[in-house]
Amino acid sequence: MAGHAEHPWLTVVALLIGAVAFGVTPLALAQLWARVFSPKKPGAIKNATYECGLESKGDAWIQFGASYYIYAIVFLVFDVEAVFLLPFAVAFTGLTLGACLAMLVFLLLLVEGLIWACQKGVLTWA
Amino acid sequence: MADDLKELKIELSKNGIFTTTLQDLYNWGRKNSVWPLNFGLACCAIEMIATTMARYDLARFGAEVFRPSPRQADLIIVSGTVTKKMAPQVVRLYNQMPEPKYVIAMGACAISGGPFRDGYNVLKGIDRYIPVDVHIPGCPPRPEALIDAFMMLQRKIDSQSLSGPNRPRHLRADQPSEFPVPEFGAHGLEPTQNDEVFLEEKGNPLRILQ
């Protein structure tokens with residue numbers, strides 16, 4: 001490769017191809033084996049839903065419990081905020097005042113949610 | 001011819017060259033990792049549990065994990081009395097296992113109803129509905145007997161061929177992969193047995209399906 005600089009991510013691409021091949025090759029070989037040796041034998045009972053040997057009646061899509069809304073809010077406050085704060089923390093020193101103020105507004109909104117959850121008593125162990 | 005091949009294999013292995021056939025490799029892989037289904041009915045199930053525990057470890061033969069789902073299991077050990085109420089569920093579980101699948105009938109009750117065969121609700125043997133590969137007599141059979149049956153099943157798997165007319169059931173498209181589930185009706189199970197389980201083949205009457 002005289003005259004060309006090697007791309008710095010060449011090894012990563014090679015490793016990526018190796019990793020994907022490592023996973024896909026046994027699957028492909030298994031498919032090939034099945035095509036040569038095993039005939040497809042589907043059955044009505046074989047593909048039915050498993051319920052400890054009983055017949056399943058009805059749909060498994062039940063109504064979602066609305067009482068889990070607390071978890072959704074607490075997840076928003078902690079996890080989504082952390083994800084947005086991480087790049088902010090890295091680029092903190094290079095930002096303008098306006099950007100910092102906007103980020104502060106975002107933070108204050110979520111702190112309000114945190115205070116609400118705290119006062120509701122969901123952040124202490126029972 | 002087979003002896004010549006065996007001698008050749010031994011000669012080569014003495015020089016550090018390991019030879020095998022695709023069939024041997026396939027059967028070796030299958031027989032050393034037979035995963036049973038988490039299935040026990042009565043007292044024989046206690047002996048089965050004892051077999052999986054420290055003293056009579058079944059894990060050293062490859063039956064390390066007893067799968068809770070039939071989709072991931074190769075073997076169902078029918079251990080205990082099969083009542084007529086439970087029989088449809090046993091057959092449905094067997095049907096939901098993917099092929100190749102094997103059945104061990106453990107104990108007198110699973111083979112033929114056992115000491116309770118005169119009971120009004122006792123099924124006289126699970127091989128009325130599903131094909132059984134190994135029967136273990138006993139009431140209950142000792143854990144060593146279950147290990148012996150497991151090794152017998154491993155020898156059976158080892159003797160199965162990949163091609164030819166004596167292929168096992170899972171390699172033949174004409175053999176059923178699932179058996180009809182009986183209904184628990186007003187007067188016992190309907191039908192009382194599955195006639196497909198033991199089929200006659202031309203020139204080989206009542207040969208049990210492999």
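Which element gives the largest share of the lining of the largest pocket? The answer is α1(A), with five residues. Helices here are DSSP runs (H or I, at least four residues), numbered from the N terminus.

This is a predicted model, in which local features need pLDDT of at least 70 and side-chain atom pairs count only at pLDDT 80 or more, while totals for chains, interfaces and linings use all residues. Residues are numbered from 1 along each chain as its sequence is written, chains are lettered from A in the order in which they are written, and side-chain values use heavy atoms, with hydrogens and water left out.

**The interface**

Chain B places 26 residues in contact (heavy atoms within 4.5 Å) with 18 residues of chain A. The two chains bury about 1,700 Å² between them, 56% of it on carbon and sulfur atoms. Buried area is the accessible area (1.4 Å probe) that two parts lose on being put together, summed over both. On the side of chain B, Arg92(B), Gln96(B) and Glu178(B) lose the most area to chain A, together 28% of what that side buries.

There are two salt bridges across the interface, a salt bridge being a side-chain nitrogen of Lys or Arg within 4 Å of a carboxyl oxygen of Asp or Glu. Lys41(A) forms a salt bridge with Glu99(B), and their closest N and O atoms are 2.9 Å apart. Of the helices of chain B, α2 (22-31) and α4 (87-96) each supply at least two residues of the side that touches chain A. The largest share of that side, six residues, comes from α4(B).

**The pockets**

A pocket is an open set of points on a 1 Å grid over the protein atoms alone, where a 1.4 Å probe fits, with protein on both sides within 12 Å along at least five of seven lines; lining residues have an atom within 4 Å of a point. A volume is the space filled by probe spheres set on the points, which are joined across faces, edges and corners.

| Pocket | Volume | Top contributor to lining |
|---|---|---|
| Largest | about 600 Å³ | α1(A), five residues |

The largest pocket is lined by 17 residues, and Ala30(A), Trp33(A), Ala34(A), Ser38(A) and Glu99(B) lie nearest its centre. Two or more lining residues come from α1 (10-36) of chain A and from α2 of chain B.

The lining of the second largest pocket includes Ala2(B), Leu5(B), Thr19(B) and Asp24(B).
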